[in-house]
Amino acid sequence: MPGSIRKSLLLVWLAGFLISCSDNSEDQLNRQSSIYVDPDWKKFRSIPFDQDVPDAPAGYAPGDGKFLFSDLKYESDESLSRRLLGALASRIVFIDRQQDRWDYYQDDDEPIHQIELFSKPESWGSAYGLCRIEKYEISFSDDGKISSVVVSPRYGVEGPIFQKEGYDWDLFRGSMCESVLPSHTPSYFPASESVLEAQDLSILLSIAIDQATRDGRLSYDLSCETYQGKACVDDSRRYLASLRLHDINSVNKLNCSRENSAEADCFTVTVGEHELGPYPKYITIKGTTYMNEWKVYSVSMVEGFTIS
């Protein structure tokens, strides 16, 4: 057989072999990415909030009818929560004294700016593995008196939220939520009054985050752009992989139109509200948890930019 013919046949065979390998690799990748693996729920569990409250100096006494910076620093949790909330103080297990903002105070007699109190975790409905608390955000006027109180629900993962059967309801309604350390409550994420919506959000976002950490192609569409329609500064997949539920600042239905139904869910979460640089980010996640068949359809991000 002439050399030119042999060479042509070899090239044809080689091209066919490479195409076959490419197809097989792509099929293998698609099969790999389509296999659902339950995330490790412990990766999304609530985390402790560190706070070092100084000892009260000799002669300190709480303000008389007022709430001052000295009270923010030195007053005991029991006394401060009772003065702030009255009978509701029995529900409070942790006070965030906003230590990261203490430098903004000029002296001990300055009125408190803001304070946050958290109630003890409780099981709520049938959202297995999810505990609920109430967060009290209290602001003060220039005379040291309470000017506003905002109460909102918060939720935290404290058990296997991806479990579909064999629930231990006695554990859930007992020690699962009751044994949560008080210092974990500030890491609970916001959602609506509906614990089932909170459950859907935690499951869908955790699945999206977990898959972003794995090798291979994502099973959902992922996009990110700035307000100006330009490419995002951060790598969207890497950023999503680093996200956790306690990073959520707020949740709403923006960019959701009519997607929410019995068979479809949509949430827009805000993260990085008080960060400088390519923040805040508005992340819209669409998917379904219908009949315990969990699937993320898409995750789209809109990236802001804060310089001061």
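Let's begin with Ile146, which counts as partly exposed because its relative accessibility is 33%, a value between the 20% limit for buried and the 50% limit for exposed. This is a predicted model, and Ile146 sits in its strand β5, which covers residues 146–157.

Ile146 also has a part in a surface feature: together with Val149 and Val151, Ile146 makes a nonpolar patch of about 210 Å².

Now to a strand with a rather different setting. Strand β2 (residues 114–119) is largely enclosed by the rest of the structure, because five of its six residues are buried.

With strand β1 (residues 92–96), the pairing is antiparallel and runs over four bridges. With strand β4 (residues 130–140), β2 again pairs in the antiparallel sense, here over five bridges. Leu117 is a handy landmark for both: Ile95 stands opposite Leu117, and Leu117 in turn stands opposite Tyr136 in β4.

Helix α3 spans residues 77–85, and its buried residues are Ser79, Leu80, Ser81, Leu84 and Leu85. In an α-helix there are 3.6 residues a turn, so residues three or four places apart point the same way.

What do the buried residues of α3 pack against? Their packing partners are α2, β1, β2, β4 and β5. After the helix comes Gly86, with a positive phi near 65°.

## Ser46, a buried loop residue

Ser46 belongs to the loop that links α1 (3–34) and α2 (69–74). Is Ser46 buried or exposed? Ser46 counts as buried, because its relative accessibility is 8%, under the 20% cut-off.

The side chain of Ser46 makes a polar contact with the side chain of His184, at 3.0 Å. Apart from neighbours within four places in sequence, the residues in contact with Ser46 are Val157, Glu158, His184, Ser187 and Tyr188.

## Val296 in β11

Finally, have a look at Val296 in strand β11 (residues 295–303). Val296 is buried, as its relative accessible area is 4%.

How far apart are Val296 and Ile207 in sequence and in space? They are separated by 89 residues in sequence and by 7.5 Å in space, taken C-alpha to C-alpha. Ile207 is one of the residues that Val296 touches, leaving out those up to four places away in sequence.

Technical notes: Residues are numbered from 1 along each chain as its sequence is written. This is a predicted model: local features need pLDDT of at least 70, side-chain atom pairs count only at pLDDT 80 or more; totals for chains, interfaces and linings use all residues. Side-chain values use heavy atoms; hydrogens and water are left out. Helices (H or I, at least four residues) and strands (E, at least two) are DSSP runs, numbered from the N terminus. Buried means under 20% relative accessible area, exposed over 50%, partly exposed in between (1.4 Å probe, protein chains only). A polar contact is a pair of N or O atoms within 3.5 Å; within protein, one must be able to donate a hydrogen and the other to accept it, and residues adjacent in sequence count only if both atoms are side-chain atoms. Contact means heavy atoms within 4.5 Å. Patches are made of residues with over 30% relative accessible area and no salt bridge: like charges are joined within 9 Å, nonpolar side chains (Val, Leu, Ile, Met, Phe, Trp, Tyr) within 5 Å. Accessible areas come from the Shrake-Rupley method with a 1.4 Å probe; for residues, only the protein chains shown count as cover. A salt bridge is a side-chain nitrogen of Lys or Arg within 4 Å of a carboxyl oxygen of Asp or Glu. Two strands pair if DSSP finds at least two bridges between them.
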